[in-house]
Amino acid sequence: MSQTVPIPHGLPMDRDASPFDPPSQITRLRDARPVSPMVFPDGHQGWLVTGYEAVRQLLADTRFSSRQDIGILHMPYETPGMPAPTEPSPQMPGVFVAMDPPDHTRLRRKLIGAFTVKRMKQLEEHIIDTAERQLDELARLTPPVDLVTHFALPVPSLVICELLGVPYADRETFQANSAKFLEKDITLEDKMAAVGGLTTYLAELVTRKRAEPSEDILSDLAGDEDLSIEELVGIGFMLLLACHETTANMLALGTFALLEHPEQLAELRADPDLVPDAVEELMRYLSVADIFFRYAEDDIELGGETINKGSTVIVSLLAANHDPKRFDNPDTLDIHRKARGHLSFGHGVHQCLGQQLARIEMRAGFAGLLRRFPTLELAIPASEVRLKTDMNIYGVHELPVTWTETAP
C-alpha cells in the first residue's frame, strides 16, 4: 500500500487543463489509486473515490450513509475565514437526499408519482413551448447578451416554478438565496441567512397551499397529513434548488462547450436527432454536480481498500465520468458517444428523482437554441468566461454571446 499523501489545501477543484476537464491532480489520483486515502485541511483522515466502478459500487451501498447529522463531514477544500467543521450538521426535515432508508424511502415515495417517465412525457410539449417562448424573448434582444440571464436560468426556473406552484414573480428572491447557499467561500452566518430566507418564504407558501390548494406538486404534498410543514419546506427547498440550478448550469456550460468544439456543434446542427445522445454526453463530460459526501457506517471493502467505520468519504462524479476504464477517450467531447452509463444523476437509492425532467429541459433548450440561432458565438474570448470555481455546482457566471441572424 502506498502512503497517504496530504493535499496541502484540500481537494483540488480547479479544472486546470481546460474549463471542461477534471483537475489534473484528481486525474492522477484516479489513475494511480481509484480509492485513495486523503488528509483533509484540518488533519482529518478520510477517503477520495474517483474510479467509475468504485464510485458506482459506493453509491449503491447503503452502508455508506448520506446523513449529515452523524460523524464529521468535513469540507474537502479550505474556506477562508471559516474553521473546518468539527460537529455533525443538524438534519433538515424533508431533505431526503441527506437521509438514509427508511426515512429517505418514506419521503421519496411521496414524490415518485410526480416525476415518472410517463408524467414527464406528458409535460414535454409544454416544456418545449416554455423554451421556445424564452428563445423568442432572446431573439428580440440586441446582442451581445448574457445567455445565463436570458435563457439558461429562466427556462428551468419557469418549469420548476410551475410544477411546484411557486410564483415565478418571486424568482429573484429564491434565485439569489439559492446562489448564495451554493457559494463555497462564505461565512456560516451568510449561508444560514440564505437557508433562512428560502425556508421562511417556503413555509409561508406551503401553509397557504395547505389551506387553499391548487394544481401543483406542493399543493398535492400539502394535502398529505403525514407530512409536517417542516418536511414540506425541506422538500420544497430541495426541489427548488436542485431543479433549476443544475439544469441552468448545464444549459450555459453545455453551450460554452459546444461553441468551443465547432465540429461537434456543426454536426449537431446538421442532425437534430443527435440531441438526446449529445445531452447524455454533455452530462458525462461536464458533470456540473461533482462532489458528494458519504459516511462509512461499517468497515467496508471498496476497490481493494478497507474503508474503516466512521470514515468520511468524498466521491468525485467528474473523475468517475472521465475514467478511461469505462469510457474511451473520456476527455474528448463526442456527441455520437452512447454515454448513458454516466453517473451525473447518481446511482442507487439516491439517483436523481428529476432526471427525466432535466433531460427534457436540456433537449428542448439545446435543440431550440441551435435551431433559432444558427450563427451563435461567444462575444468574448473563451479565456475571459467566468467559471463557477467558487460554487458547489459548476458552470459559468455569465456567457456573453452574439449572433448575426436568427431563424423562425
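**Close-up 1. What lines the second largest pocket.** The residues lining the second largest pocket split into 9 nonpolar, 5 polar and 3 charged (Ala, Val, Leu, Ile, Met, Phe, Trp, Tyr, Cys and Pro count as nonpolar, Asp, Glu, Lys and Arg as charged, and the others, Gly among them, as polar). This is a predicted model, where local features need pLDDT of at least 70, side-chain atom pairs count only at pLDDT 80 or more, and totals for chains, interfaces and linings use all residues. Residues are numbered from 1 along each chain as its sequence is written, and side-chain values use heavy atoms, leaving out hydrogens and water.

**Close-up 2. The centre of the second largest pocket.** Of the 17 lining residues, Val148, Leu153, Ala179, Lys388 and His397 lie nearest the centre of this pocket. The second largest pocket holds about 340 Å³ of space.

**Close-up 3. Helices around the second largest pocket.** Here you can find α5 (147-152), α7 (171-181) and α10, each of which supplies at least two residues of the lining. The helix that gives the most is α10, with 5 residues.

**Close-up 4. Where α6 meets α10.** The axes of α6 (residues 154-164) and α10 (residues 229-259) come within 9 Å and cross at roughly 155 degrees. That makes α6 roughly antiparallel to α10 (angles over 145 degrees count as roughly antiparallel). From α6, the contact (heavy atoms within 4.5 Å) uses Pro156, Ser157, Ile160 and Leu164. Partners on α10 include Gly236, Leu239, Cys243 and Leu251. The residues of this contact comprise 8 nonpolar, 4 polar and no charged.

Key: Axes fitted to C-alpha atoms, helices over the stretch in contact; angles between N-to-C directions. Helix = DSSP H or I, 4+ residues; strand = E, 2+ residues; numbered from the N terminus. Parallel < 35°, antiparallel > 145°, perpendicular 65-115°, else oblique. 1 Å grid on protein atoms, 1.4 Å probe; cavity = no way out; pocket = protein on both sides within 12 Å on 5 of 7 lines; lining within 4 Å. Points joined across faces, edges and corners; volume = space filled by probe spheres on them.
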